[in-house]
Amino acid sequence: MTAIPTRQIRALHTAETITVYQAYPPAIGLPAARDGRFPDVWKRDRMTWIKPSFLWMMYRCGWGLKEGQETVLAVEISRDGFDWALRHACLSHYTRGVHADQASWKRELKRAPARVQWDPERDLRLSALPYRSLQLGLSGDAARKYADEWTVAVTDVTPLAHRVHEHVRAGELDAAASLLPAETPYPYERSVAAELLLS
């Protein structure tokens, strides 16, 4: 079995789209799923974080049970948009060898409309795994493009989150795993690999 690289983008994707996950209160999540787009109350001037890993989203939102994160959304966006965000992203932390110095990293971070953070991937029990999962923060132009240009479809996957959680609680890990989205390595542009610490 091939070892999973320390940092790798894994996602449910097609030739044209990639699926990312977010969780919201019902006042935002339900209209977004109903209309296939984010409602006007969704703040386009704030940073929003998207996650290609379903299980990392489950860790973050507690299977859709945390207050303010009761509606879990699968947001299908264009790969062109996602790739644009990666090309215009900056690491969320200073890394020697990638950035000339702390000052230049801070300038880049302030300018960049997207930022990349690598967090430990999670298993079905939401325990940390020895490899990392991408979180992509979008602000400014990136957040507006995400909401109004890149979004292809929005699906409420809260029932799926609850079903998987029920199987996990019952110790039925094979049944839980069979319901997970098929996340495979995403073919990112090689030009972004070193800058974003992709393995």
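Trainee: Which residues of α3 are buried in this predicted model?

Mentor: In this predicted model, the buried residues of α3 are R79, G81, F82, D83, W84, A85 and L86.

Trainee: Why is α3 called largely enclosed by the rest of the structure?

Mentor: Seven of the nine residues of α3 are buried, so the helix is described as largely enclosed by the rest of the structure.

Trainee: How do you know how α3 is oriented relative to α5?

Mentor: Helix α3 (residues 79-87) and helix α5 (residues 141-150) pack at an angle of about 175 degrees, and their axes are 10 Å apart. Angles over 145 degrees count as roughly antiparallel, and therefore α3 is roughly antiparallel to α5.

Trainee: Which residues make the contact between α3 and α5?

Mentor: From α3 they are G81, W84 and A85, and from α5 they are D141, A142, K145 and W150. By kind, the residues of this contact divide into four nonpolar, one polar and two charged.

Trainee: What makes K145 a charge that sits over the ring of W84?

Mentor: The charged end of K145 is 5.4 Å from the centre of the W84 ring. The distance limit is within 6 Å, and the charge must also lie within 35 degrees of the ring normal. K145 is accordingly listed as sitting over that ring. In another case, the charged end of R122 sits over the ring of Y59, 3.6 Å from its centre.

Trainee: Why is the pair of F38 and Y146 called tilted?

Mentor: Their ring centres are 5.5 Å apart, and their planes stand at 40 degrees. Rings pair if their centres lie within 6.5 Å; planes under 30 degrees apart count as stacked and over 60 as edge-to-face, with the rest tilted.

Trainee: Where in the chain are F38 and Y146?

Mentor: F38 is in the loop between α1 (26-35) and β3 (48-50), whereas Y146 is in helix α5; the pair links distant parts of the chain, 108 residues apart. F38 and Y146 also belong to one aromatic cluster with Y24 and W42.

Trainee: How do you know whether F38 and Y146 are buried or exposed?

Mentor: Buried means under 20% relative accessible area. The value for F38 is 0%, so F38 is buried. Y146 also has a value of 0%, and so Y146 is buried.

Trainee: What makes α2 mostly covered?

Mentor: Six of the eight residues of helix α2 (residues 54-61) are buried, namely F54, L55, W56, M57, M58 and C61. The elements that cover them include β2 (17-24), β4 (71-78), β6 (114-122), β7 (128-138) and α6 (158-169). Just after α2, G62 takes a positive phi of about 60 degrees.

Definitions and conventions:
Residues are numbered from 1 along each chain as its sequence is written. This is a predicted model: local features need pLDDT of at least 70, side-chain atom pairs count only at pLDDT 80 or more; totals for chains, interfaces and linings use all residues. Side-chain values use heavy atoms; hydrogens and water are left out. Axes are lines fitted to C-alpha atoms, for helices over the stretch in contact, and angles run from 0 to 180 degrees between N-to-C directions. Helices (H or I, at least four residues) and strands (E, at least two) are DSSP runs, numbered from the N terminus. Angles under 35 degrees count as roughly parallel, over 145 as roughly antiparallel, 65 to 115 as roughly perpendicular and the rest as oblique. Contact means heavy atoms within 4.5 Å. Ala, Val, Leu, Ile, Met, Phe, Trp, Tyr, Cys and Pro count as nonpolar, Asp, Glu, Lys and Arg as charged, and the others, Gly among them, as polar. Rings of Phe, Tyr and Trp (its six-membered ring) pair if their centres lie within 6.5 Å; planes under 30 degrees apart count as stacked, over 60 as edge-to-face and the rest as tilted. Buried means under 20% relative accessible area, exposed over 50%, partly exposed in between (1.4 Å probe, protein chains only).
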